[in-house]
Structure formats: structure tokens, C-alpha cells
Amino acid sequence: MTSLKARMTLILLGFVSAVLAVTLLAVLLSTAANVREQASEELRVGARVFEELLSNRDRQLSSTTQVLADDFAFREAVATEDAATIRSALLNHGGRIDADLMILSDTKGQFITTALRENDNRFRELDPAIGQNDLRQGVISLEGEAWQMVDATVRAPLPLARVSMGFRLDDRIAADLRSLTGLHVSFLSSTDETAPYASTLPGHVRRELPERLAEQATAIDDVRTLTIAGEDYLSLRLTLDGHPGSPIVLLQTSLSEALAPYRPLWLQMAIIALIAFTLTLIIAGPLANRVTRPTRALAAAAARISQGDYSRSAPVPPIAELAQLGEAFNAMQEGIRQREQRILHQAYHDPLTGLPNRTLAADRLEQGIERVQREGRVLGVLVLDVNRFKEINDSLGHPTGDAVLRAIASRLSSRLRGSDTVARLGGDEFLVLAEVEDKQGPERLAAELIDAISGQELEIENIRLQLAISLGIALCPRDGTDVETLLRRADIAMYQAKERQLTSSVYAAGHDEAHLRRLKMLSDLRTAIDDEQFHIQYQPKIAVSNRQATQLEALIRWNHPEQGFVPPDEFIPLAENSGYIRTISRWVLQTVIRQLAEWRRSELSIAVAVNISALDLVDAGLPRYVQALLDQHELPPSALGLEITETTVMKDARHALHILQELRSLGVAIAIDDFGTGYSSLAQLRSLPVDELKIDKSFVMKLAGQAEDAEDPVIVRSTIDLAHNMGLKVVAEGVEDEATWWRLAGYGCDSIQGYWISRPMPADALPEWLGEFANRQWREPD
Ligand SMILES: Nc1nc2c(ncn2[C@@H]2O[C@H](COP(=O)(O)O[C@H]3[C@@H](O)[C@H](n4cnc5c(=O)[nH]c(N)nc54)O[C@@H]3COP(=O)(O)O)[C@@H](O)[C@H]2O)c(=O)[nH]1
């Protein structure tokens, strides 16, 4: 690619060269035309001078010839044919005017005598016929020479003879004319191409002249150019007296000679042009440089900007247009810098909370890892998320969810030091990076952060929210020295906390494998329904009063294709954490109700209780779904019961209450499961639409061996009493022996469930079991 500088230099040189060439050409052409015009004029003037010269000489010849013809002595000598006197008279009179040739001829044109000034006898031998021609008058060719001749008649009184005189048109005359006019003069034969009779031309030109004249200018009647011996001559042929054989008189001027005075001028102009060209060559580079230097500087600035270097401003050159460009560059640089900063901020920050995002957090974590390893310190990596945040979003709307996230961000930030990092990893997940002095530091910090979030209620648009978080802690370098491992392990610890229903958990070795298994299970769960890997088992509850199976508890079973039986204790929490529990609960309800209908059709009238989870209690469509299933299978609502764990209800009693009320209003019995594990009081249950309490098996299983005043019997007995006082029925689960049965019966427990009655069984085993159970032998205690 040609550079701008080279182009400008070339353009400048080209322009100057063109101007110089045109000027030189114009001067050349105009001087040539001028010279040609002048030379033509000189030729015409020369022609007039020549004609005048001829005319003068003609008059001279005429008068002398006439005087001789009238001279008495001469006439007498002619009459007497006195040759000596004639010759003497001819020479005498001719000599007076320097005539070159004197001729006396008789009236018929026969030569009588001729005389030459040089006294040569050349014309003695003249052909007498010549004399008969009309060649004695005018300019004639004679014996290879050109002559100007005049004649007069010698009378006595009758014509005796004719006397002629003439001048030779020779080199001398030609030279005289040249010195007079400055023109070359040549006399040539008009009939043949012999060498000129006389000429002022140089020898070689003179020799070539006849040939060139014959070739190029057969009809020169005005100024023409003849090229002879490689040189141009402006030529003018003079027409004399019109004799057919009259010689040609050619006036010429050499064009190169005519142009010669101008050659120094042309040379000067050429030198000036050369100097101008050289000067242009010298100044074109710097001149182009002056223009292109700022352009190059601007180009360099553009390249710098394109590489993201905004440290220097673009130059503002003193040339107006380039100055505009420079200022535009600077404005553009500032615009790009600001936009880039904005984009960079957006790329590394979470738009909702303004906190660093996952990318920036990973970067800070990487720096932190290097620093603590270098300085032998400990970096706490804390990952936390908001419990049941989805419910907040679903029930209160996304704007409230967003406000919650902003509030959490601000609460977390307020508890951290400037050197710590709090970032939003996505959704409701946050990350805190804090360097600590000792390994307990992160746990202390975790407690502080939990307090910051959960310590006081959050009020958003008159809604008071009690937030809870789950927090996982991993330590660098103990739990990992790379970003991915530390984040994963902090995440695993957080899920541990969730599963164990703790607020925080510190990563421990071996958690990864369990986590991986959980992840795999979570993904397998989603296909388990379609692949018919689930089925339901039923465990009877027996009414103490009549030892009849009044209700069954539906318990889900998962036969994993690779892992075999997976206990619900393991996959239900996973399903709850992922939100998939809603799908599972609906599948259980559907399967159970279908089974109930089938039993009813075979005259087996029994009720079934289904376990539902916390997430089901924020599923506003659940009551409608249950109603639709009952209607579809024409079942009374009393056929169905629902069990909700105590902790589920207590976690968010307000939300649970609404759905429970709707379910209860359908006529479905509600039982509180695992009662006694959630530290709630019976008084708190008073407000809930509950029919039954199910005492957790942990209080029941060891009951038989304990004294009446031991802790478990006291709890069980008082729970039964208080529940009865509140109008609730009581079920005890985990009854594994007959002694426990009798003890619970003694406490007034309404129903009993446990392995001693039956382990959970498939639906088709129930009719047979019911028959066997009816025949069971009871041994009442003593
Ligand atoms: N949300 C749902 N939760 C469900 C569903 N199906 C089961 N579960 C819950 O999983 C937990 C474990 O249940 P499972 O392994 O089925 O254990 C039940 C009984 O087999 C067991 N049980 C009953 N009697 C005894 C006994 O005498 N001894 C003994 N060691 N265990 C006994 O107790 C479990 C029933 O408990 P509970 O629900 O509290 O009545 C469990 O929490 C289930 O709730 C489901 O479909 N949805």
C-alpha cells in the first residue's frame, strides 16, 4: 500500500512537472511559431528585395544596352561588320555597368559576336539557335548558369541587329543578397536536377537541394518547409518572368538558425524547470511530512485507543481539519473509556445489588488464594443462600424478591471489612471472602453474617419477613487451593447445612463424594416417575380402641436402576431442596387416590395418609388438585389424610396455615408428623387446622424399657393428655413391641403404628395382612 506521504510527494512532483512541461511546451511552440512567422515574413521581404534588385539591374542593363544600340559608331561598325569595333564597344559599354555578357545577333537571332567581361570565349560556341529564342530578355538559363538579360534593337534606321547585355546570377550575387537579407539564395535550373547555378547554402546542403526540392516542393508558391540534409529550411520560390525554362530562385532560411537566438532562452527555461523540479523534490517530502506527521500521530493514537490505552490524549495538530479530527479522537477516546468502564463494571458486577458478580468474585478468590498461601494465612470462603427464597418470589412477587436480595447485600456488606469481598453468585446465592487469623475465624464470621440476615426482621412494603440462610464454609488452603474446588466445597457445605437443617456447616473431608452422589440422584430423580421407578408401600395405623386398621400411611419407595433401593430419607430432602418435591407429592397423591378407589371397588374401606412437604404448603393449587382427584375417583375426603412435619409447619406457619385451612375445609384430615422434634409448643399448634398429632418414633421406640417417670414416657404421656385437651387425636409411631402397645394404650393413645403392627407393605399385600391381623392373638399384660 502506498503511503500518504509518498502519494502527496508524487502528486506534488507530478503537478509541478506538468506545469513546467506545459509552460516549456507553450514557450517552445509559441517561439517556434513566432520564429516561423518572422522567418516567413523575412522570406517575403527578401523576395521583394530580390525583385527590386533585379528591377534595378534590369533598368541599368536596359539603359546601357539602349545607349549602345543608339551609338552611331557602333551602328556603323555593325553595318560595316567591323568585328573589332563591335567587340570593343560591347566590352566598353558592358564594362561600364559590370555586365557579364554582351551579345550581338542579327535580326533573325543569329549570333554575330559575344563578349564576356572576364574575356573568356565560352559563348563563342553558343548554339546559334539560342539566339532565335527569346532568351535575350529576362532571367534565363544559359550554359549551366543563370543570367539576367536585356536587349535592344540596333537600327540604321532599319533594324540591323540586336544587342543584348546581362548579368550572371552567380554566387557573388547570391552572397550579396544574403548579406542584404540574411537569407540563403539559390539559383537553380527549373528543368533538371543539376546542382544549383549559385547558392549561399553550405556545400552538402547545396548538393542535396535539387533532389529534395523535386521531392518535397514541386509547387512552392508560398513559404514552405524543406528538409535538406536533416535540417529544416523555410523556403520561398520566386517566379520570375515566366519563361518556361527560366531558372528557379529559391530564398531560404534555416529554421535551426532562426531558432538559434531562442535556444539560450529555452536552455534557461529548462534549467529553471529543472531547478523548480529539484526544489519541489526537496520540499515535497518535508511538506508531505508536515501534513502526514500529524496524520500518523493520529493513526498511532487510534491504534493506542484500539488497544485500550487511554492514558494519553490524541495530538491536536495546528492544521484546522486535522485539529478537528484530533479533538474528535479525544472525544471518542473519552466516550469509549467511559463506555468501557461501564461495560467492564457491568461485566464484573451484579446489576441488582451492585456487588461483584461470579466472574469478579472468582478473580478476587484467586488473588486471595495466592496471598494467603504466600503469607501463611487462612482465607474463609463462605457461600450462603436464602432459605425458601423461591417461596418469597412465588408468593410475594419478584420485585419483593429483588428488594430482599438488595437488603441481604447491604446487610452482608455492613458486617464486612473493606478488605473482605461480598459477591452475588447468582439467584439467592452470595459469596463472602474473608481472610482470618485462625481456623475458627470463618465460623465466627458466619455467625455474625447469620445474625446480620436473621437477627432482625426485614420490612418491605409493609411486609415483615423473617429471613433465614444456609451457609457453607470452606477454608483455603485446608480445603483447596484453587477457585473451583473452594467454591464447590463451600457449596457442598452449604447443602450439608440445608440437609441437616442447620444455619451453617463447615466443609469436611468426604463431603464431595456424598455431594456427587446427591447430584447424580437429583438428576435421576427427574426421570424416576416417567421410568416407573417409584412405588408406594402402606403401613397401617391401628385404633387402640377396637384394634382395627383405620388408616394407612403411604410411604414412597424408589428402586434406582443402579443403586437399588434408595431410602426416602435420602432423596426426599434432595427433592425438597430442588423443588421437585411438588411433582413427587402430586404423583403420590394421584397413586394413593387411585389405589383407594380400587380398594373401595373391592369393598375395602380404609383411609390413607400422605406425607406432604413444606414446599407443598406454598403450592396454592394443591387443594384444588386434591379436590379434583377425589372427585375424579368419587372418593369422600375422609378417605384421605395428610401428614406434615412439625418443623415444616412451624418454619412458616403463616403460609402453611392458609393452604392447610383450604385442605381441611375439603374434609381432609391433617396430622402433625414427628411431633416433639421441632420444639414447638402445643399452644402454637392451637391456631392450626389440625386433627391429629403423631408422636415421633424417637420418643416411642425405647418407651417399653423406661420407668414411668423417665423422660420419654413423661413426654409421651403429657403430649397425649394435652393433645386430647385440645381435641386432637394422637398417633404413636415406632411401636416395635407389644409392651409398648400396652403402655401407649394405657396412656390413652388413639392409634398405633410400628413394625410390631406391620412394616410398610405393597398395596396388593394389604388384604391378606388385614385377614391375618384380625386373627392376631393379643395377650393383655398382667
Ligand atoms: N414428603 C414425603 N415424605 C415421605 C414419603 N414417604 C416417606 N416419606 C418420609 O421419608 C421418611 C422416611 O420414611 P420411611 O423410610 O418410609 O420410614 C417410615 C417408616 O418405615 C418408619 N417406621 C414406621 N414404624 C417404624 C418402627 O416401628 N420402627 C422404625 N425404626 N421405623 C418405623 O418411619 C417412617 C415413617 O415416618 P413418618 O412419616 O414420620 O410417619 C419419613 O420421614 C417419611 O415421612 C412421601 O411420600 N412424601
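**The ligand and its shell**

Reader: Which residues are closest to the ligand?
Author: Glu553, Asp674, Lys694, Glu733 and Glu736 are the closest of the 24 residues that surround the ligand. A residue is near a molecule if one of its heavy atoms lies within 4 Å of it.

Reader: What kind of model is this?
Author: This is a predicted model, in which local features need pLDDT of at least 70, side-chain atom pairs count only at pLDDT 80 or more, and totals for chains, interfaces and linings use all residues. Residues are numbered from 1 along each chain as its sequence is written, and side-chain values use heavy atoms, with hydrogens and water left out.

Reader: How far is glutamate 553 from the ligand?
Author: A polar side-chain atom of glutamate 553 is 2.8 Å from a ligand oxygen atom. For aspartate 674, a side-chain N or O atom is 2.7 Å from an oxygen atom of the ligand.

Reader: And how much of the ligand does the protein bury?
Author: The protein buries 88% of the 820 Å² that the ligand exposes when taken alone. Accessible areas come from the Shrake-Rupley method with a 1.4 Å probe.

Reader: Which element gives the largest share of the shell?
Author: That is β19, with four residues. Strands here are DSSP runs of E, at least two residues long, and helices are runs of H or I, at least four, numbered from the N terminus.

Reader: Changing topic, how many helices and strands are in the protein?
Author: The protein has 25 helices and 27 strands.

How values were computed. A polar contact is a pair of N or O atoms within 3.5 Å; within protein, one must be able to donate a hydrogen and the other to accept it, and residues adjacent in sequence count only if both atoms are side-chain atoms.
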